[in-house]
Amino acid sequence: MVVGGGAFGMDTRGGPLEDHWLALARSVNGHDRPRVCFIGTASGDDHAVIDHFHQVFEGDAETSHLALFDRTIEDSDSFLLAQDAVYVGGGNTASLLAVWRAHGVDVALRRAHDAGVLLAGRSAGGLCWFEGGTTDSFGPRLAALTGGLGLIPGSHCPHYDGELERRPTYHAMIGREELPGGIAVDDFAAAIFDGPDLVEVVAAREGPTAYRLERSSGGVTETVLPARVLVSVRA
């Protein structure tokens, strides 16, 4: 589940996208209280972000987190394989990937993916699953990031409607062949994949959606992928 942004931020207590992620997590192994893990590497394992995850989801799931800057879990393979779902937070994608590789978490996540664990995330936590995409990891200007995990083929652009430069920059990067074609996602929308295949696009409200971008003879073709608007079940 690739969330463009806006969901599960510090300013939200959970809503339709969070509910949908939990429903998907429950469906993995049929657990009413699924085992869900948060990885906050992209924000440097910020304790406030980690605590927020537990506060949002602990009433509906068995929550845990995998910290790498103050590591307490030695066997990340077994730990991640024991989860129903993993949610990766936003922040610096380039740093996230580097730290994961230093700790072998990239390999552990691949094994979890192959075993059927639901992988999800917002912003950097969505971009990491692709081959590459647009990022502000290297400074205030957007740049092309390559070397993602590649569990989903192609590239990704989060915050497509939330940051003014995202759309033109993504078009330009694909047009210049800095990035392969891929999927862009608005804030408060999410793209759901089954392996490499896009299953559907969902949104927390009317308006946000996702787009498929492909290089063509005329430049770059952008195709709107209509979103199914979710209804929150939270009180």
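**Exercise 1.** Which arginine lies over the face of phenylalanine 188, and at what distance from the ring centre?

*Solution.* The model is predicted: local features need pLDDT of at least 70, side-chain atom pairs count only at pLDDT 80 or more, and totals for chains, interfaces and linings use all residues. Residues are numbered from 1 along each chain as its sequence is written, and side-chain values use heavy atoms, with hydrogens and water left out.

Step 1. The criterion is that NZ of Lys or CZ of Arg is within 6 Å of the ring centre and within 35 degrees of the ring normal.
Step 2. Arginine 205 lies over the face of phenylalanine 188, at 4.2 Å from the ring centre.
Step 3. A further case is arginine 167, which lies over the face of tyrosine 211 at 5.1 Å from the ring centre.

**Exercise 2.** Determine how tryptophan 100 and tryptophan 129 are arranged, and which parts of the chain they join.

*Solution.* Step 1. Rings of Phe, Tyr and Trp (its six-membered ring) pair if their centres lie within 6.5 Å; planes under 30 degrees apart count as stacked, over 60 as edge-to-face and the rest as tilted. The structure holds nine aromatic pairs.
Step 1. Tryptophan 100 and tryptophan 129 form a tilted pair, with 6.0 Å centre to centre and 35° between the planes.
Step 2. Helices (H or I, at least four residues) and strands (E, at least two) are DSSP runs, numbered from the N terminus. Tryptophan 100 lies in helix α4 (residues 93-103) and tryptophan 129 in the loop between α6 (124-127) and β6 (130-135), so the pair ties together parts that are 29 residues apart in sequence.
Step 3. Buried means under 20% relative accessible area, exposed over 50%, partly exposed in between (1.4 Å probe, protein chains only). Tryptophan 100, at 0%, is buried, and tryptophan 129, at 3%, is buried as well.

**Exercise 3.** Describe the pair of tyrosine 160 and tyrosine 170.

*Solution.* Step 1. The two rings are edge-to-face, 6.4 Å centre to centre, with 85° between the planes.
Step 1. Tyrosine 160 is in the loop between β8 (152-157) and α7 (166-175), while tyrosine 170 is in helix α7, ten residues apart.
Step 2. Both tyrosine 160 and tyrosine 170 are buried.

**Exercise 4.** Which residues other than glycine have a positive phi, and are they buried or exposed?

*Solution.* Step 1. One of them is serine 123, with phi near 55°; serine 123 is found in the loop between β5 and α6.
Step 1. Serine 123 has a relative accessible area of 11% and is buried.
Step 2. Another is histidine 159, with phi near 55°, found in the loop between β8 and α7.
Step 3. Histidine 159 counts as buried at 10% relative accessibility.
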